[in-house]
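Trainee: Could you walk me through how to read a protein model, one feature at a time? I would like the general idea and then the case in hand.

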Amino acid sequence: HLSALAKIGIRAIVPDDEEYPKLLKEIDNSPQVLFIRGQFLPQDERSLAVVGTRKATPYGRDVTEQLVEQLAVQQFTIVSGLARGIDGTAHRAALESGARTIAVMGGGVDRVYPPEHVGLAQEIAKHGAVVSEFAPGKLPVPGNFPARNRIISGLSLGVLVIEGAAQSGTKITASLAAQQGREVFAVPGPITSRQSQAPA
């Protein structure tokens, strides 16, 4: 089974493996297995999650690009969830800035969602890692996303929230980060925008 996975560039790592991220081991319910395309490097311990809404505003995208560029200069690895909107912008900005980036998925690492991010996922695997606790072939269903979000925050020293509505995955990630004892940073947005509710 593992050799079949290796043929398609997927490996499985467990908490005893040297490569398994130290920060992730510290959280209460750390994944017993992580499927990975690409690799974790020791420098990824200096990671920051950048998360936000799928319905990003031009302001949100601009801020994401600017902040990720600055974090890249500081040698941070950028962690996000490969979703449309802020996540995709964060991964792209990291790649363009020469930073490492890690995408955590809510389904198998071979089931890239959204489909327009297939090429982006391949680039991320070359300059970081695409990871999931869900076995290859598993479809990303809505119930998987809170579990995915605890890994996003678990891999990171802190979580930077760019934009998100009051009831959102972004908000879940921020509260999980706080429970895990990680720093949560929020970018202020226009008070008239629904997408400014989560940061507030």
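Predicted model: local features only at pLDDT ≥ 70, side-chain atom pairs only at ≥ 80, totals over all residues.

Trainee: Where does P146 sit, and how far is it from L176 in sequence and in space?

Mentor: P146 belongs to helix α6. P146 and L176 are 30 residues apart in sequence, and their C-alpha atoms are 8.9 Å apart in space.

Trainee: What about the protein as a whole: what share of the residues is buried?

Mentor: Of the 200 residues, 52% are buried. The accessible surface comes to about 9,500 Å², and carbon and sulfur atoms account for 54% of that. The protein has 7 helices and 8 strands. Among contacts between residues at least 6 apart in sequence, 75% join residues at least 24 apart.

Trainee: Which residues have the most contacts inside the largest nonpolar core?

Mentor: They are F40, I102, V104, V131 and L155, in a core of 21 residues. The elements giving two or more residues to this core are β2 (34-38), β3 (47-51), β5, β6 (128-132), α6 (145-154), β7 (158-161) and α7 (169-179). Not counting residues up to four places away in sequence, F40 touches I13, E19, P21, L34, R100, I102, V131 and L155. Another core, of 17 residues, lies apart from the largest one and includes V68, A72, I86 and A90.

Trainee: How do I read a helix pair such as α3 and α4?

Mentor: Look at the axes, then at the residues that meet. The axes of α3 (residues 58-73) and α4 (residues 86-96) come within 9 Å and cross at roughly 35 degrees, and the crossing is right-handed. On the α3 side, G60, R61, T64, E65 and V68 meet I86, T89, A90, A93 and A94 of α4. By class, that contact has 5 nonpolar, 3 polar and 2 charged residues.

Trainee: And what should I look for in the backbone?

Mentor: Most residues other than glycine have a negative phi, and most peptide bonds are trans, so departures from either pattern are worth a look. Q75 is not a glycine, yet Q75 has a positive phi of about 65 degrees. Q75 is in the loop between α3 and β4 (77-80). L82, also not a glycine, has a positive phi of about 60 degrees, and L82 is in the loop between β4 and α4.

Trainee: Are Q75 and L82 buried or exposed?

Mentor: Q75 is exposed, with a relative accessible area of 59%, whereas L82 is buried, at 0%.

Trainee: Where is the cis peptide bond?

Mentor: The cis bond runs from Y113 to P114, with omega near 0 degrees. P114 lies in the loop between β5 (101-104) and α5 (118-126).

Terms used:
Residues numbered from 1 in each chain as written. Heavy atoms only, no water. Helix = DSSP H or I, 4+ residues; strand = E, 2+ residues; numbered from the N terminus. Buried < 20%, exposed > 50% of the residue type's maximum accessible area, 1.4 Å probe, protein only. Contact = heavy atoms within 4.5 Å. Areas by Shrake-Rupley, 256 points an atom, 1.4 Å probe, with all protein chains shown as cover. Axes fitted to C-alpha atoms, helices over the stretch in contact; angles between N-to-C directions. Left-handed = near helix turned anticlockwise from the far one by under 90°. Nonpolar A, V, L, I, M, F, W, Y, C, P; charged D, E, K, R; others polar. Core = buried A, V, L, I, M, F, W, Y, C linked by side-chain atoms within 4.5 Å.
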